[in-house]
Amino acid sequence: MEQSSSEITAKFKASLVQGESILDLTGGMGIDLSYLSKGFEKAFYAEQNSELLKITQHNYEVLGIGNVQFIGGNSEVFLSEIQTKFSWIYLDPHRRDDTGNKVVRLEDCEPNVLKVKDLIFEKTDKILLKVSPMLDIDLAILGLKNVCEVYIVAVENEVKEILFKLEKDYEGEAKIQAINFPKQVLVAGSDLPEKHVFTFQKSEEKTAVISFSSPKQFLYEPNASILKSGAFRMTAQVFGLQKIAPHSHLYTSEQLVEHFQGRTFQIKAVCKLDKKEIAKQISGNKANITIRNFPLTVKQIREKLKLNEGGDDYLFATTDAQNQKIVIVCSK
């Protein structure tokens with residue numbers, strides 16, 4: 001249940017793929033395929049858990065989803081025996097080991113997509129793969145190969161899943177898209193809410209020209225999907241910002257930059273981690289605390305400053321370009 005897609009992420013996946021036929025190799029609760037199937041004439045659901053298959057089949061009947069064929073048993077065996085060629089094959093490998101512990105690496109999931117990829121490509125030219133939001137994207141691209149696009153999907157600033165689009169003969173560089181659905185407000189003419197999209201390639205990230213600065217008038221924190229994507233230099237270049245420090249991933253500017261993809265704050269003061277100094281800059285004994293490249297935890301800082309959570313003041317504990325530990329006091 002916990003690995004199942006939400007409605008919004010399932011709809012997003014459905015916007016990425018269309019064609020004549022799709023096979024979901026890891027059917028599960030069937031949420032993804034219930035939306036993916038709308039873009040195809042025929043859809044196939046494969047699931048080795050017979051009880052789960054029956055439940056999903058019943059739900060599809062109630063929902064009036066009529067273009068899906070259900071297949072029980074081991075999906076790898078089915079894949080090796082069937083002669084059909086599919087427009088797309090989708091899979092969301094099971095992410096728990098035999099003892100019930102969570103796993104993240106592709107080779108630890110079931111099925112092991114690195115092992116069965118060649119077999120899958122015998123039955124399709126296009127794969128859509130959903131993986132854990134904790135997965136190392138760079139390592140996955142190296143291992144998978146044939147990756148043409150990567151989508152990091154966040155809902156209300158929480159990364160929910162990472163998607164890889166693979167094409168059989170693709171040998172180019174992957175395009176990475178950091179997607180964030182900030183709020184559940186539908187866009188006219190679409191099933192999906194408004195979304196923010198940040199697109200780049202790793203080669204652009206490596207060559208992006210940036211500069212560093214002490215905190216100015218405004219502070220910027222990228223949304224979670226951008227942070228997960230690793231677009232740290234590209235964020236500064238695209239939005240015309242300066243970084244606080246190479247590894248802090250906070251940004252600053254003298255003039256307000258509109259439409260930044262993340263949180264924007266006005267800086268009130270820059271302090272040391274000192275209770276009396278910070279108390280002068282905030283109202284009451286409340287503050288929202290974030291750490292970025294700082295040796296203490298939020299809990300330790302809260303205890304040291306004797307501050308409760310909440311209020312209108314925001315504290316960013318970080319390390320600047322001179323390797324000094326600072327606290328940036330802001331208002332939203």
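A residue counts as buried under 20% relative accessible area, as exposed over 50%, and as partly exposed in between. With that in hand, R292 is partly exposed, because its relative accessible area is 23%. This is a predicted model, so let us see what its side chains are doing.

**Salt bridges**

The structure has 13 salt bridges. R292 pairs with E221, their closest N and O atoms lying 2.9 Å apart. Since R292 sits in strand β14 (residues 286-292) and E221 in strand β10 (residues 218-222), the pair ties together parts 71 residues apart in sequence. E221 is buried, at 6%.

| Salt bridge | Closest N and O atoms |
|---|---|
| E20 and K42 | 3.9 Å |
| R292 and E221 | 2.9 Å |
| K268 and D313 | 2.7 Å |

The E20 and K42 bridge links strand β1 (residues 19-24) with strand β2 (residues 40-47), the two residues being 22 apart. E20 is partly exposed at 45%, and K42 is partly exposed at 41%.

K268 forms a salt bridge with D313. K268 belongs to strand β13 (residues 262-271) and D313 to strand β15 (residues 308-319), 45 residues apart. K268 is partly exposed at 41%, whereas D313 is buried at 3%.

A network of salt bridges also links K13, D32, D92, K130 and E161.

**Aromatic pairs**

There are 11 aromatic pairs. In one of them, the ring centres of F12 and F181 are 6.0 Å apart and the planes meet at 75°, so the pair is edge-to-face. F12 comes from helix α1 (residues 7-14) and F181 from strand β8 (residues 175-181), so this pair ties together parts 169 residues apart in sequence. F12 is buried at 3%, and F181 is buried at 0%. Elsewhere, F198, F200, Y220, F239 and F260 form one aromatic cluster.

Definitions and conventions:
Residues numbered from 1 in each chain as written. Predicted model: local features only at pLDDT ≥ 70, side-chain atom pairs only at ≥ 80, totals over all residues. Heavy atoms only, no water. Phe/Tyr/Trp six-rings, centres within 6.5 Å; stacked < 30°, edge-to-face > 60°. Helix = DSSP H or I, 4+ residues; strand = E, 2+ residues; numbered from the N terminus. Buried < 20%, exposed > 50% of the residue type's maximum accessible area, 1.4 Å probe, protein only. Salt bridge = Lys/Arg side-chain N within 4 Å of Asp/Glu carboxyl O.
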